[in-house]
Amino acid sequence: MWQGDGYWLVRFVFQRGLALLYLLAFLVAARQFRPLAGEDGLLPLERYVNGVSFWDRPSLFYLVPSDRAIAIAAWTGVVLSALTLVGVPYWLPAGFATPISMALWAALWALYLSFVNAGQTFYGYGWESMLCETGFLAIFLGAGSVAPPFVVILLLQWVLFRNMFGAGLIKLRGDDCWRDLTAMDYHYETQPIPNPVSWFAHHLPDRFHRIETFGNHVLELLVPFCYFAPQPLSALAGLATIGFQGWLLVTGNFAWLNALTIVLAIPTFSDGVLAAALPISAPATAPTPLYLEVLAALLAAVVIVLSVQPVRNMLSESQLMNTSFDPLNLVNTYGAFGSITRDRYEVVVEGTADEDLTPETEWRSYRFKGKPTDPERRPPQVAPYHLRLDWQLWFAAMSPTPRRSPWFPRFLGKLLEADAETLALLAEDPFDGESPTHVRAVRYRYRYTTPEERSESGRWWSRERVGTYVQPVSLEELRGRRRRFG
């Protein structure tokens with residue numbers, strides 16, 4: 001029962017995929033964490049340290065709250081991910097392969113958990129806790145010639161099940177458009193960061209949108225039960241999930257959510273199935289070491305106990321999405337897009353070099369790497385890379401004021417200071433590194449152009465101004481507000 005003799009190749013491919021996502025995640029942390037949540041970030045690290053206890057959200061940065069520690073941790077994660085990606089533990093003698101592999105995966109998990117727990121709003125996404133949970137299970141898979149513990153393969157399937165089934169349940173409960181099959185009429189236009197294919201997917205026939213919405217329910221509510229079935233049914237369910245996530249990858253930018261779900265679908269296969277599709281085959285395997293079997297059994301017991309709360313939540317009428325119930329993110333609940341926004345709002349941030357503001361003042365727009373600003377710009381492909389600032393601006397635009405986005409005034413202050421690290425998060429600084437005298441934020445409603453409109457104008461988007469998000473403000477005025485309101 002405990003031996004995974006038919007899963008050596010499954011483990012090998014799964015570990016390569018997970019290591020690649022870890023590598024990407026640490027690169028994102030190395031490039032973005034400090035300006036977002038570092039010592040002088042938009043949500044300063046001190047805010048995390050003073051706001052929670054270590055035991056509630058453990059992180060290395062609670063103990064060493066410095067940008068230097070952040071940089072060391074991020075680049076260490078990049079190096080360890082690269083070593084794991086090329087399969088260094090598999091190069092070692094049989095007796096060392098599994099212990100070294102366990103140490104590498106444990107280090108990756110601990111380092112990334114530190115970023116997630118200290119990252120505050122900018123790390124509050126379901127794929128963060130899912131990467132932590134999946135990465136923790138990977139510690140116990142072993143390496144080298146030994147067979148992986150079969151129970152860990154089952155636990156990975158359990159993560160995939162909760163991810164898919166939880167998403168299916170929250171959609172049925174959350175929004176009428178999922179029940180009347182109209183959700184995809186809005187999704188491609190209003191998703192956080194559309195990609196080049198999103199415009200075309202949006203303009204597919206209504207009948208296609210009805211079919212794909214119904215198919216979404218089948219794939220998220222029925223297919224997941226087949227993950228635990230015998231082969232080849234389990235592999236067929238995994239293949240269907242990979243196809244579904246592949247379509248989401250092609251039509252949107254959801255960071256590494258879809259890529260991680262695809263990696264989690266690999267354990268639904270067996271070596272025989274993978275060997276038929278890949279140009280490699282599994283070698284003769286040695287029995288799983290006794291100590292690894294014991295650890296895997298203990299792991300299974302822990303997961304069973306910690307699964308009680310996520311399962312209760314998943315079955316509850318008041319289901320919460322993407323929630324952790326333990327500080328180590330070991331067993332979480334998932335579920336995305338329980339509600340669909342019908343209208344797309346965007347906050348366009350502008351600056352001026354004029355000292356005195358008049359109706360003739362020239363305002364120049366800051367351009368972001370992922371989110372729409374220029375209606376003529378084609379939506380970019382950025383996933384599985386994660387543009388954290390762009391994602392938070394999508395949430396911020398849902399409200400007519402920045403009241404629910406406490407980081408936003410600080411962001412404006414960074415633009416007024418021409419802060420280099422903050423500007424590096426943008427696609428284009430209209431002032432070429434110089435400080436503007438004033439900035440403002442304007443709220444627009446965006447919609448895709450029709451095929452006829454795009455043919456005539458070349459524009460991907462049409463927009464109309466619906467309000468002022470933040471009135472024009474100078475750096476001195478912004479600092480005065482902070483002094484008054486703390």
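Author: Surface patches join residues of over 30% relative accessible area (1.4 Å probe) and without a salt bridge (Lys or Arg side-chain nitrogen within 4 Å of an Asp or Glu carboxyl oxygen), like charges within 9 Å and nonpolar side chains within 5 Å. The model is predicted, local features need pLDDT of at least 70, and side-chain atom pairs count only at pLDDT 80 or more. Residues are numbered from 1 along each chain, and side-chain values use heavy atoms.

Reader: Which residues form the negative surface patch?

Author: Asp and Glu count as negative. The negative patch on this surface consists of Asp354, Glu355, Asp356 and Glu362.

Reader: Is glutamate 355 buried or exposed?

Author: Glutamate 355 sits in the loop between strand S3 (344-352) and strand S4 (364-365). Its relative accessible area is 61%. Buried means under 20%, exposed over 50% and partly exposed in between, so glutamate 355 is exposed.

Reader: What accessible area does the nonpolar patch have?

Author: One of its members, valine 250, belongs to helix H12 (residues 233-251) and is partly exposed because its relative accessibility is 43%. Together, Val197, Phe200, Phe208, Trp247 and Val250 have an accessible area of about 400 Å².

Reader: How many disulfides does the structure hold?

Author: Cysteine 177 is buried at 0% relative accessibility, whereas cysteine 226 is partly exposed at 24%. A disulfide requires two cysteine sulfur atoms within 2.5 Å. Across the whole structure, the number of disulfides found is zero.

Reader: How far apart in space are glutamate 189 and alanine 94?

Author: Glutamate 189 belongs to helix H9 (residues 184-190) and is buried, because its relative accessibility is 11%. Glutamate 189 and alanine 94 are 95 residues apart in sequence, and their C-alpha to C-alpha distance is 52 Å.

Notes. Buried < 20%, exposed > 50% of the residue type's maximum accessible area, 1.4 Å probe, protein only. Charge placed at Lys NZ, Arg CZ, Asp CG, Glu CD. Helix = DSSP H or I, 4+ residues; strand = E, 2+ residues; numbered from the N terminus.
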